[in-house]
Amino acid sequence: MKENKGVCFTETPEQKVQMDAVLEQYGGDESNLLVVLQEAQKIYGYLPIEVQKKVADGMGVSMEKVYGVVTFYSFLRTDPVGKYNFSVCMGTVCYVKGAGLINEKLKEVLGIDDGQCTPDGLFAIAPTRCIGCCGLAPVMFVNDDVYGNITHNDVEDIVEIYRKRAKNL
Amino acid sequence: MQNKVNIKINGKDYQVDAGITLLEACKQAGIKIPTLCYLKDVNELGACRVCVVEVKGARNLVASCVYPVSDNLEVWTNTERVIKSRKTTLELILSNHNQECTSCVRSGSCELQKLAYEYGCDGHKYEGEKQQFLEDVTDYLVRDNSKCILCRRCISTCEKRQAVAVIGANERGFKTNIGCTFNKSLNDVPCVNCGQCIVSCPTGALRERDNIDDVLKQVFDKEKFVVVAPAPSVRVALGEEFGMPIGTNVEGKMIAALRKIGFDRVFDVNFAADLTIMEEGTEFINRLTNGGVLPMITSCSPGWINYIEQYYPEFLPNLSTCKSPQQMYGATVKRYYAKKFNIPLDKLVVVSVMPCVAKKTELKRPYQSAADGYQDVDYSITTRELARMIKRMGIDFLNLADEKPDSILGEGSTAGLIFGATGGVMEAALRTVKEVVEKKPLEKIDFECVRGTQGIKRAVVEVNGVDVKVCVASGIANAKVIMEELKSGKADYHFIEIMCCPGGCVNGGGQPIQPASVQNSVDIRALRASAMYSADERAVLRKSHENPEIIQLYKEFYQEPNSHLAHECLHTHYIARKK
């Protein structure tokens, strides 16, 4: 995994109140660790080192124990989701028609790994299982926009669309 | 009387204790079952599937280490199916194992290698995708995941025995790997450097950072004056590396071997332990009589220092300011011995042999340079490294005639010797403190109340009409209990001895590694410690303050315990560190 360049973690006062309440309710029992992590992800959207430290301290368990659980379950994320999420379909048809190349190109263009988010918080890569529109293979989603029948040579142009869109916000 | 159950193993009837596992039942019946991940009371997971046996009525083979016995159970331990299954399991473990067995530091003591040999495994039967392995090299330890078999013995040891839990299993399935939080190096997590994970590892995935070449380079350099001193615990364990029984005291052979390797002087850390007692005992008497911070806590164990600095920094004022014996030895060599014998400091190299890997980082700590600009100790090697060094130098260890260390800095009392066992520092201190304060010879030299391998011992010792409350803890999990007592204000001890490793230094992370089969069946800590106590029983010089070389050292150099010069050379500072 590439080093997590990371979006700078910030915490709102509301998030702090909510998280403290979760730890207050479940903190006393180590077997609640998974529940606490799920709640924390609901509150913060992801589980960066700062949140994991909070959980570890609040539950009296080691940082490694928390990290071990977080990396075991695929639904727990250590990176935030971006404003624009790039999901290349990795289903069989898309894959044989070059989805792997597309995803590799995406990583190269955005400079991040699968599951990571760019430091500006704009773009994230999250490959997905078959999404059932094999007729369009290979397919890539950017949030709710669908791009079908593309090749890795289209990746830069598509990313550019969202760069522009982000600028105009 | 304990309840018994009747079981049948390999067609023969046995009566065994109820409530135990099949593995233990077979052991009681004298039947050997191989294990890899199993470490009694610490790691009982049934993860590796090497201990499988056939149970009548069960569809699959069962892992005997976690399978409870019940009345009328019928078991087979060596059928064709069982043997085949174990062999396949081993071959699958080998399929992504870095098989550089010829030069591996654990060659000969590797539990996987031994089983692969016994089961006639083909190490390359299954060739699959290899994992991307991570290597973590620190000053005290090397972690090489290419040799890791994911048994989790290190994790359980770190969590249950040492209560720091800095290593664990990350990721899932094929990607599972043992590591630290956020894949950090052990340098960047609150590890205490004890090395207990090393002695629990069945393979070469965890090992000490080897300094043999560094030390030999100095020894071979004719320009250098290289001195060495072994710690108390080294002599009661070194023999194991040469096939001797656990608990053999090889002091004389060890000294002879060090001289044969080519060290210019061979001293003894037992002497430095006596020096520690002089300083620490005096410090304790001063704190007790002048209203100093109490309880005073010992500071000999660098793993313990790493723990308190990171986990309980609010109690740093309670730590004795004394350096550890290793550092007192180095400081005294560089300040006193060098001057007395005109040895230039840039030519002088100080080496220690320790049962410990934390000593490798202790010598680089700040405030450990009595001679300005020169570390007190230059290299620290473990008992295991010394054994390999002796073998490499072609020394016939078993047939060496006993020798004595060099004088001065070579003679130690047996109070210094018992430092290696939990309670030993306390007993050595009490012998001196009581006699010095009461100004009359002790009626009884033995303080049995602080002996034994229990994790926590508490006692009250009368000193000159005052009841001194003492506490002894070994293993960080036990130390944590005591620290929580202090934190809650419940404790009213005067003096606490804490050693990082369970059972004290005799069971340190740098000691010879016994396989789980031995760890599970005998108390290695007690056997090694008993070699110390029996030497103590036979000895004449049993009190630190009666050591003639100690008396001479104070007369010639330090003047008196806790003098200005002693403070400059033999005492140190601690730093609160962030976890």
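## Surface and charge

Accessible areas here come from the Shrake-Rupley method with a 1.4 Å probe. The model is a predicted one. On this basis chain B exposes about 23,200 Å². Carbon and sulfur atoms supply 50% of that area.

Charged side chains come in two sets. Chain B has 73 positive and 71 negative side chains. The centres of the two sets lie 4 Å apart.

## Overall build of chain B

Chain B holds 19 helices and 18 strands. Its C-alpha trace spans about 75 × 60 × 50 Å along the principal axes. The radius of gyration is 25 Å. A compact globule of 579 residues would come out near 25 Å, so the value for chain B agrees with that expectation.

Of the 579 residues in chain B, 59% count as buried. Take the contacts in chain B with a separation of 6 or more: residues 24 or more positions apart account for 74% of them.

## An open sheet of four strands

One sheet in chain B is open and has 4 strands. Their order is 12-11-14-15, and the pairing is parallel. Strand 12 (265-266) and strand 15 (379-382) of chain B stand at the edges. Each has a single partner strand, so one side of each is left without a neighbour in the sheet.

Strand 14 of chain B covers residues 348-354. It runs parallel to strand 15 of chain B, and 4 bridges join the two. Within this pair, Ser352(B) has Ser380(B) in strand 15 as its bridge partner.

Strand 18 of chain B takes in residues 495-499. It is mostly covered, with 5 of its 5 residues buried. Both faces are covered. Phe495(B), Glu497(B) and Met499(B) are buried on one side. Ile496(B) and Ile498(B) are buried on the other.

Strand 13 (residues 296-297) of chain B pairs with strand 18 over 2 bridges. There, Met296(B) stands opposite Phe495(B). Strand 17 (residues 466-474) of chain B pairs with strand 18 over 5 bridges. In that pairing, Val472(B) has Glu497(B) as its bridge partner.

## Cis peptide bonds

Chain A has a cis peptide bond from Ala137(A) to Pro138(A), with omega near -5°. Pro138(A) sits in the loop between strand 2 (123-125) and strand 3 (140-142) of chain A.

Chain B has a cis bond too: it joins Leu294(B) and Pro295(B), and omega is about -5°. Pro295(B) belongs to the loop between helix 8 (269-289) and strand 13 of chain B.

Arg152(B) is not a glycine, yet its phi is positive, at about 75°. This residue lies in the loop between strand 7 (141-144) and helix 4 (153-161) of chain B.

Key: Residues numbered from 1 in each chain as written. Chains lettered and ligands numbered in written order. Predicted model: local features only at pLDDT ≥ 70, side-chain atom pairs only at ≥ 80, totals over all residues. Heavy atoms only, no water. Rg over C-alpha atoms; globule rule 2.2 N^0.38 Å. Buried < 20%, exposed > 50% of the residue type's maximum accessible area, 1.4 Å probe, protein only. Contact = heavy atoms within 4.5 Å. Lys, Arg positive; Asp, Glu negative; His and termini not counted. Charge placed at Lys NZ, Arg CZ, Asp CG, Glu CD. Pairing = 2+ DSSP bridges.
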